[in-house]
Amino acid sequence: MTIEVIRPGLLTSVQDLGRFGMQHFGVPVSGAMDGYALRVANRLAGNEYNAAALEVTLAGPVLEFLDDTLVALTGGDLEAAIDGKPLPMHRPVWVARGRRLSFGRCITGCRAYLAFGGGIDVAPVLGSRSTYVRAALGGLNGRALVAGDRIIVAGNTQAGSARASCSKLRDLPAFSRDGFAAPRWSVQVRTERLLLRPQRIRFVAGRHWEYLKAGVRAAFTSENFQVSASSDRMGYRLEGVRLESGERGEIHSEAVAFGTVQLPPDGNPIVLMADRQTIGGYPRLGEVASVDLPLLAQLKPGDALRFELIDLADAQELAHAQAVALEQIAASIEAGMSE
Amino acid sequence: MPLGDRALLLEAGNTADPETVSRVRALADYLAQLHLPGVLDLVPALCTIGIHYDPEQWRDGSAARSPYELLVEHIRTALPDPATLVSSEGHAREIPVCYEADCAADLPALARKLGLSRSQVIDIHSAVEYSVYMIGFAPGFAYLGPLDARLVLPRRKTPRTRVPAGSVAIANQYSGIYPGELPGGWHLIGRTPLRLFDPSRTQPSLLKAGDRVRFSPIDAAKFRRLQSEAQ
């Protein structure tokens with residue numbers, strides 16, 4: 001199955017869950033910014049969690065379906081529509097050939113994930129299909145989509161049950177009128193949490209947290225910060241009160257993680273995101289709890305957030321609870337399919 | 001020590017001396033052959049090893065101990081006495097470098113600042129064998145050391161937005177090689193025609209932490225010949 005890119009949007013790229021096992025060669029992990037939304041999209045499309053899908057950013061693309069195609073859209077609500085008719089999110093959708101998918105404004109969040117039944121068929125590079133634009137690795141020729149690209153959806157699909165569930169709906173009059181068919185059920189999404197402002201982002205203490213002056217620690221956890229315009233997939237630069245890192249000895253470069261909050265000399269914290277480098281040399285305030293990374297990834301420039309300190313053990317319990325919830329969603333999708 | 005809820009740092013020392021770097025490498029080698037479940041990446045740096053893991057793989061059923069505690073305890077038990085760890089030799093690599101004008105944008109100014117002649121800088125830089133301390137900053141970017149004290153200078157005040165691929169550079173206590181065209185603030189003193197990073201190779205990065213590197217000066221004609229061969 002083939003999808004043609006009519007307009008590429010601001011930044012639309014092929015992403016899976018990331019390129020692990022290559023960081024000792026200096027290769028960034030990349031992968032979906034909102035890994036939770038990608039996993040749900042893939043399950044809805046009948047795929048493994050790690051299948052390659054499209055990450056759509058802020059201003060979405062216009063795509064034309066050259067064949068009947070099973071899709072699932074999750075993440076931020078970017079007003080997706082099939083030939084002007086709103087595309088239902090968080091459920092499998094059959095789209096008829098010849099139809100066009102377009103996007104509008106950001107209603108909630110700023111990144112949507114469009115999975116295709118079978119996954120996007122691009123060759124894995126160093127073990128992953130994720131696009132890392134800075135080194136032109138993975139995805140579609142190592143870059144974001146451009147007009148005229150053709151996205152090929154894998155033929156040997158695991159998407160059988162998802163497709164069967166939707167194909168029962170194909171004969172509905174809705175299919176011919178709107179050009180797509182979808183079941184009535186959907187995955188429950190707590191939209192209000194995405195809209196919370198300032199967004200609450202929990203973190204655990206970073207390597208240099210204890211060395212900071214008490215006033216700096218207090219400011220970091222009590223003041224609001226804003227995502228600056230120079231934020232990207234590599235890192236979110238934050239603006240707000242300037243934080244003094246203070247005098248301290250030499251800091252040796254070492255491994256960083258998704259969510260590491262660094263404090264460069266200008267006093268504006270940077271949160272490292274999916275395309276982060278493998279090592280960093282700035283003092284580290286904290287590490288964003290992985291349970292809140294999907295919320296952080298949905299913040300766009302100008303959005304406000306505040307940080308809340310939690311224990312490592314609590315962060316790991318929250319991450320576990322999220323993993324369990326995801327498995328329950330996957331099970332409910334299976335149930336929905338077999339109805 | 002923890003690095004968030006999905007990674008931790010194992011510290012081998014707190015000064016970036018050759019002994020610590022080699023201890024880091026020995027530990028990283030040992031950890032790699034343990035094939036710990038749920039460990040996604042091992043990232044050796046100057047004094048520490050970053051261990052990225054999936055906490056779901058480190059749960060004991062009760063919630064009494066966190067995945068972090070379980071993994072740390074497992075590593076503590078699995079690691080032998082650090083004094084008995086020996087790091088692998090690493091490959092010896094010879095890197096041809098053209099130190100001539102077009103390849104060495106910062107060499108004249110750098111030599112002036114250091115109070116040395118251009119040929120003295122080249123002689124000092126290419127006289128010794130370096131260790132690859134770590135790979136980072138960009139795919140295949142090697143931090144090499146120790147750099148002779150006579151060549152130590154902070155980074156350029158204004159970084160370049162584009163440094164040509166293969167540029168051999170120095171800053172602070174390190175020498176490095178830019179594997180691709182990248183922004184960068186190091187002083188460019190030469191250029192190698194070798195491809196430092198190639199995703200189609202099984203080992204995409206030519207250099208690995210622990211490798212030993214020697215720079216061999218070549219002239220511009222040889223640089224061009226080797227460069228066209230490498231394409």
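In the predicted model, strand 2 of chain A (residues 11-15) is mostly covered, with 4 of its 5 residues buried, that is, under 20% relative accessible area with a 1.4 Å probe and protein chains only. Strands here are DSSP runs of E of at least two residues, and helices are runs of H or I of at least four, numbered from the N terminus. Strand 2 of chain A pairs in the antiparallel sense with strand 3 (residues 53-57) of chain A over 5 bridges; pairing requires at least two DSSP bridges. A:Gln15 lies opposite A:Ala53 of strand 3 of chain A.

Between the two chains, 47 residues of chain B are in contact with 40 residues of chain A (heavy atoms within 4.5 Å). Chains B and A bury about 3200 Å² between them, 63% of it on carbon and sulfur atoms; this is the accessible area (1.4 Å probe) lost on being put together, summed over both parts. In chain B, the residues losing the most area to chain A are B:Leu3, B:Asp5 and B:Asp41, together 17% of what that side buries.

The interface holds 2 salt bridges (a side-chain nitrogen of Lys or Arg within 4 Å of a carboxyl oxygen of Asp or Glu). One salt bridge joins B:Glu11 to A:Arg207, with the closest N and O atoms 3.2 Å apart. Elements giving two or more residues to the side of chain B that touches chain A include strand 1 (7-11) and helix 2 (67-78) of chain B. Strand 2 of chain B gives the most, with 5 residues.

Residues are numbered from 1 along each chain as its sequence is written, and chains are lettered from A in the order in which they are written. Local features need pLDDT of at least 70, side-chain atom pairs count only at pLDDT 80 or more, and totals for chains, interfaces and linings use all residues, while side-chain values use heavy atoms, leaving out hydrogens and water.

Key: Buried < 20%, exposed > 50% of the residue type's maximum accessible area, 1.4 Å probe, protein only. Buried area = accessible area lost by both parts, 1.4 Å probe.
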